[in-house]
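Biologist: Please take a close look at a single part of this model and then follow it into its surroundings. I would like one connected account, with the cut-offs behind each term.

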Amino acid sequence: MKRVALITGGTRGIGFGIATQLAKEGFNLAVNGTRPEEAVQTAVEELKALGAEVMYCRGSIASSADRKNMISNIRKHYDALHILVNNAGIAPRERKDILEATEESYDEVMTTNLKGCYFLTQLAANWMIEQKQKDTGFSGCIINVSSISATVASVNRGEYCLSKAGLSMATQLFAVRLGEFNIPVYEVRPGVIRTDMTAGVKEKYDKLIGEGLCVQQRWGEPADVGKVVAALAKGDFLYSTGQVVMVDGGMTIPRL
Ligand code: NAD
């Protein structure tokens, strides 16, 4: 039986890069997103062409009812969940200085990027424990896609930085709590990756990357993140729970 991976926001950008690599590694997939089924058909077909069984779970990770629905649909369909990849996330609708940013934007970003991931992890973790107790051979893990913004301060998107710093602690909390069940929890921390999220700031980053922002002088691609997630999901880092894997082309190495 193929193992099953749920990737939130798995139909485009980094999430699709992750889903692609997991399909290639022989996982069956549940990909989540907020768009209607018709809008994600091409992405789903591409994943199926790689040999994976794919179910689309429409819903917002920011909604408690949608999170429960997603897990219960995966239970009905696959009756198993081995890997949760908390990838879905949003940037603030408008970048605003922290002296002016609004509570509405704070609530929206934190509810999606932190609360949504935290409580989806709670649901998945309880189900993984249940599976482990039934079958000691069960092998699961949880992977959180945070950002260099967990530690790099951008004062024009404070709520985003806070959400990713919080997700980093959530990784450690669940790593500790799930240790006794031998379910590792990891954090993957991308730098600047070429997706719709960064499309609006392309010129800015083209220039910065050209000037040496990253040690490796290119944009990161969704496949760069996908390959790291696939290695973690396959079980290549079994004794490294709670760890952060940087996927930032060396951007955060302090340099003089
Ligand atoms: P993206 O905007 O291209 O894709 C995000 C995906 O998440 C979309 O499919 C979107 O529909 C989905 N999504 C958004 N809100 C959702 C919700 N409430 N419920 C379910 N799905 C939802 O973004 P991306 O660049 O692929 O980013 C993916 C993750 O990587 C995010 O968590 C982001 O913060 C993080 N990240 C991105 C970069 C980057 O440079 N692109 C860098 C560091 C971290």
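A loop residue and the ligand site

Modeller: Asn182 lies in the loop that joins H5 to strand E6 (185-190), where helices (H or I, at least four residues) and strands (E, at least two) are DSSP runs numbered from the N terminus. The model is a predicted one, in which local features need pLDDT of at least 70 and side-chain atom pairs count only at pLDDT 80 or more, whereas totals for chains, interfaces and linings use all residues. Residues are numbered from 1 along each chain as its sequence is written, and side-chain values use heavy atoms, with hydrogens and water left out.

Asn182 is not a glycine, yet its phi is positive, at about 55°. Asn182 counts as exposed because its relative accessibility is 55%; the classes are buried under 20%, exposed over 50% and partly exposed in between, with a 1.4 Å probe and protein chains only. A second residue of this kind is Asp79, a non-glycine with a positive phi of about 60°. Asp79 is placed in the loop between helix H3 (64-78) and strand E4 (83-86), and with a relative accessible area of 57% it is also exposed.

Ile129, in helix H4 (residues 103-134), is in contact with Leu178, Phe181 and Ile183 once its neighbours within four places in sequence are set aside, contact meaning heavy atoms within 4.5 Å. Ile129 is classed as buried because its relative accessible area is 14%.

Helix H4 also holds Cys117, which is buried with a relative accessible area of 2%. Not counting residues up to four places away in sequence, Cys117 touches Ile61, Asn86, Ala88, Thr112 and Leu167. Its C-alpha atom is 33 Å from that of Arg255, a residue 138 places away in sequence.

Ile61 leads on to the ligand: a polar backbone atom of Ile61 is 2.9 Å from a ligand nitrogen atom, a polar contact being a pair of N or O atoms within 3.5 Å. A backbone N or O atom of Asn87 is 2.7 Å from an oxygen atom of the ligand, and an N or O atom in the side chain of Lys164 lies 2.9 Å from a ligand oxygen atom. Of the 830 Å² of accessible area that the ligand has on its own, the protein covers 94%, by the Shrake-Rupley method with a 1.4 Å probe. Two or more residues of the shell around the ligand come from each of helix H1 (13-24), strand E2 (28-33), helix H5 (158-177) and helix H6 (196-199), and H6 gives the most, with 3 residues. In total 28 residues surround the ligand, the closest being Arg12, Asn87, Tyr160, Ile193 and Thr195, where a residue is near if one of its heavy atoms lies within 4 Å.

Leaving out neighbours within four places in sequence, Ser149 is in contact with Arg157, Tyr160, Cys161 and Lys164. Ser149 is buried, since its relative accessible area is 3%.

Definitions and conventions
A polar contact is a pair of N or O atoms within 3.5 Å; within protein, one must be able to donate a hydrogen and the other to accept it, and residues adjacent in sequence count only if both atoms are side-chain atoms.
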